[in-house]
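Here are a few exercises to work through with the model open in your viewer. Try each task on your own before reading its solution.

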Amino acid sequence: MILLDDCQVKPVIIELFGIVRQRAGVSQIEIPVEQTKQLGDLLEELVQRYPGLHDACIDGCQLQPGFVVNLGGQRFTTDPTEKIQPGDTVLVMSADAGG
Amino acid sequence: MSPNDHFFGQSPDQRRIQDQQPGYHGRYLRVDLTRGTADSIDWETGVLRNFLGGSGLGTYLMFREGTPECDAFDPESSLAFVFSPLVGSPLTTSAKFAVVSKSPLTDRINDSLASSAFAISGKQTGHDAIVIRGRAQEPTVLVIDNENVHCEPAGELSGLPCRSVQRQLKQRLGNDWQIAVIGPAGERLVRYATISHDGRHAGRGGSGAVMGSKNLKAIAVRGSTKVTWSDQDGLIQLSKDLAARSLGPATAKYRELGTSENLLLFNRLKIMPTHNFQQGSLAGVEQLAPETLRQSRKHTRTSCAACTIGCEHIYALNGDPDISEFGVRVEYENLFALGPLCGINDSEVVLKASAKCDQLGIDTISAGGTIAFGMECAQRGLWNPTWLRFGDGQALLQALDMIGNGDGVGKLLAEGSRRLADHIGQNSIEFAPQVKGLEIPGYEPRAMQTMALGFAVGTRGADHNRSGAYEVDFSEQVNRRAGNANASALAVKTEDQAALMDSLILCKFLRGVFQDFHDEAVTMINLVTGWDITPTELQQTAQRIVTAKKLFNIRSGWQPDEDCLPARMMENALSDDPVARLSKEQLSQMIVHYNRTRGWTDDGWLPHEILKELDLSEL
């Protein structure tokens, strides 16, 4: 786990799986957010910190085709305007669940 | 039939080469092991375009060459090896064949696919399919060398594991032969025995047992007869483009980690069945993840014949010197079924168990599911083998040995979880992890309810390959824990796409590569065959194939109450995810919507109008 900034607010926890984890080299990070953010903003921040995610999984503020985010273990989304609250958990993964 | 009998097929002169449909030979080979005959049979007009190849064409053959009412082990029951118009083409992942028969596990139609050079050589014998009927008098090897067909005694091959059989037959016949074999499990009629070639298996549903019931240990093929392509230049260009796309981000998961990438994610989402479908996660499962395996084990990657993706990840057992000889192929399904489903997180045990399944020639999902069910029955005091316990790796390995040897409880475990439940009684059927007798793969139905529907209605039984409904659950199109009519309609689409990919035949790992699957598929088919198929026609072909399978099942005795899930999964939430709950009423409504979307009655019967519309009235 990596804490990006020393901050008092509740962070968003981002969990990475599979190829996304391989590209970033970490399994989980915390990003401090002071107020509601959009998913697209979080994705941009991820890519800035882990440029290896750019070609593989994230393009600017959007997920590449074939990737999806799960919010708190509940529902899936790819919408960059999805609202993310401080304290939320965001899982980033391949959308292909073929086994 | 005695050994070394020779059969006689048609000579090449009798084939109408000038009228030959590009992509096909225009005929299939029927071998009757009882009568000692081999005949080349021309396809009826329209069949190839209606059913394409692979799974679809094999389904047609089950009507033409088998009787749905036959028991799977009856000599008159047919076993078909079916190729496709794309086999032998430069299209990536096209070296596949379907094995179609009645399943001895489900008593319903079964089609299993395998990827290997057997597809290419089998088609080069000059036939679009090879259908085997009857029963040899003693263990036999069927040898098909272009149009020459004969049998040889299996002799010392009987009882040998899959890899040894293949090796010895190559020494006997030559390295230019491709050989599909059954292991000891197929010979013993283990109801989930596989047919193996080059370490890959036509895995689910027990086709290996059907082959064993015919006293057929192996089929060796060699051929030099190639088909033509309608537009060779166009096909080559398309193949280059598809190959390039197949190396992109859409398939990175398969290249880099393989399907076992699912393990940690599914555990996190609590959708990975553990302890016979009692929970959706298991502590310590990180030990089985590919990221962990490759820290401590030798690892290599390989691919099927004619495949650019390369999804096969092979790991060494501890202390084994030669990964190429003794390495174990690891997929999510064998990790889940021989690991968490049995309460086990020891990687050495799971890899050894996988290796045993490969050598015996048995389906890992059904083996793991049946053993896990046995573990729960023993734990509850419903069944005697008290040594069979969740989390006990040695018990798992012993159970697999007993299945392979036909010892003690192995005889019952070899029957699958449904028949084992029938034997044990005491309402154990309520938690037997099967649908129609086929054990459920590694997707927890209560937490993935579109997949739950796919399992319930699947003609093969609980199957994640004939229904790709997990794609829907992994999207923003549905709430995976609140299935509804929208999920039903989407499940139909994934089932139709799977039917097409299994009939073309192409690997489903390519699906993320396509911009518009139907558009690209018609381009491929038309370049090969010269037909003028449209996306609309192709969509109807998919519906025809799925409906034909349902028709076979109805003739085999299907009743509406088979389209269901085990009672454990109805009403009871997952213990570690209370929101993951699927009611009987909810599933019933989804099934009704599914049936209506298909044009069937609410109960799942087939109106005459739909059979006529899909050109199935003659079957």
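The exercises below concern a predicted model, and each comes with a worked solution.

**Exercise 1. Two crossing helices**

Task: Work out how the axes of α2 (residues 54-65) and α20 (residues 485-504) of chain B are placed to each other.

Solution: 
- Take the axes: they come within 4 Å and cross at roughly 85 degrees.
- Angles of 65 to 115 degrees count as roughly perpendicular, so α2(B) is roughly perpendicular to α20(B).
- Now find the residues that meet: Gly54(B), Ser55(B), Gly56(B) and Leu57(B) come from α2(B), while Ala499(B), Asp502(B), Ser503(B) and Leu504(B) come from α20(B).
- By type, the residues of this contact are three nonpolar, four polar and one charged.

**Exercise 2. A strand and its partner**

Task: Decide whether strand β6 (residues 109-115) of chain B is mostly covered or mostly open, and describe how β5 (residues 96-102) of chain B pairs with β6(B).

Solution: 
- Check burial along the strand: seven of the seven residues of β6(B) are buried, which leaves the strand mostly covered.
- Then take the faces in turn: one side holds Ile109(B), Asp111(B), Leu113(B) and Ser115(B), the other Asn110(B), Ser112(B) and Ala114(B), and both are covered.
- Turn to the partner: β5(B) and β6(B) pair in the antiparallel sense over seven bridges. Ser101(B) stands opposite Asn110(B) in β6(B).

**Exercise 3. The nonpolar core**

Task: Find how many residues the largest nonpolar core has, and which have the most contacts inside it.

Solution: 
- The count is 226 residues; those with the most contacts inside the core include Val92(A), Val82(B) and Leu453(B).
- The largest share of this core, nine residues, comes from α20(B).
- Zoom in on Val92(A): among the residues it touches are Ile14(A), Phe17(A), Phe67(A) and Val69(A), not counting residues up to four places away in sequence.
- For context, nonpolar side chains tend to be buried together in soluble globular proteins.

Methods:
Residues are numbered from 1 along each chain as its sequence is written. Chains are lettered from A and ligands numbered from 1 in the order in which they are written. This is a predicted model: local features need pLDDT of at least 70, side-chain atom pairs count only at pLDDT 80 or more; totals for chains, interfaces and linings use all residues. Axes are lines fitted to C-alpha atoms, for helices over the stretch in contact, and angles run from 0 to 180 degrees between N-to-C directions. Angles under 35 degrees count as roughly parallel, over 145 as roughly antiparallel, 65 to 115 as roughly perpendicular and the rest as oblique. Two residues are in contact if their C-beta atoms, placed from the backbone, lie within 7 Å. Ala, Val, Leu, Ile, Met, Phe, Trp, Tyr, Cys and Pro count as nonpolar, Asp, Glu, Lys and Arg as charged, and the others, Gly among them, as polar. A residue is buried if 20 or more other C-beta atoms lie within 10 Å of its own, exposed if 12 or fewer, and partly exposed in between; C-beta atoms are placed from the backbone. Two strands pair if DSSP finds at least two bridges between them. A nonpolar core is a set of buried Ala, Val, Leu, Ile, Met, Phe, Trp, Tyr and Cys residues joined through C-beta atoms within 7 Å.
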